[in-house]
Amino acid sequence: MSPARRCSRTACGRPAVCTLTYVYADQTAVLGPLATYAEPHAYDLCEAHSERLSAPRGWEVLRLAADPAAQGPSSDDLLALADAVREAARPAPLPRVAPAAETGRETARRGHLRVLSSD
């Protein structure tokens, strides 16, 4: 439950717990868990207003229960995030240049470094 999201009903200041959307083609009102982001064509409702929700005559109300297992990040999500961070932190391998493709002449060497002069 987000403290910044409030019930969309007039004069109701209670926190929103679910989101209501309409599917006009199917004449269906869908009441589900609170959406991740506030949408302009969706209505956030508090618990009291979501329980008393009624639809127009001939319409169906679908009530989707929140999955308690999907409330927070799972261990698989956290492991995938850690792997992505490790992959991003790994330096990219430097391209190997074949000696025949090199230009210039070696004039000095210090350890694994070479000094090349351009001809």
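This report describes strand pairing and aromatic contacts in a predicted model.

## Basis of the description

Residues are numbered from 1 along each chain as its sequence is written, and side-chain values use heavy atoms, with hydrogens and water left out. Because the model is predicted, local features need pLDDT of at least 70 and side-chain atom pairs count only at pLDDT 80 or more, while totals for chains, interfaces and linings use all residues.

Strand β2 spans residues 28-33; strands are DSSP runs (E, at least two residues), numbered from the N terminus. Of its 6 residues, 5 are buried (under 20% relative accessible area, 1.4 Å probe, protein chains only), so β2 is largely enclosed by the rest of the structure.

Strand β1 (residues 18-23) pairs with β2 in the antiparallel sense over 6 bridges, where pairing requires at least two DSSP bridges between two strands. Cys-18 has Pro-33 in β2 as its bridge partner. The two strands form a hairpin with 4 residues between them, and Gln-27 in the turn has a positive phi of about 50°. With strand β4 (residues 60-63), β2 pairs in the parallel sense over 4 bridges; Thr-28 stands opposite Glu-60 in β4.

## Aromatic contacts

Rings of Phe, Tyr and Trp (its six-membered ring) pair if their centres lie within 6.5 Å; this rule gives 4 aromatic pairs. Tyr-22 and Tyr-43 form an edge-to-face pair (planes over 60 degrees apart), at 6.2 Å centre to centre and 70° between the planes. The pair links distant parts of the chain, with Tyr-22 in strand β1 and Tyr-43 in strand β3 (residues 43-45), 21 residues apart.

Tyr-22, at 29% relative accessibility, counts as partly exposed (between 20% and 50%), and Tyr-43 counts as partly exposed at 37%. Tyr-22, Tyr-24, Tyr-43 and Trp-59 form one aromatic cluster.

How values were computed: Rings of Phe, Tyr and Trp (its six-membered ring) pair if their centres lie within 6.5 Å; planes under 30 degrees apart count as stacked, over 60 as edge-to-face and the rest as tilted.
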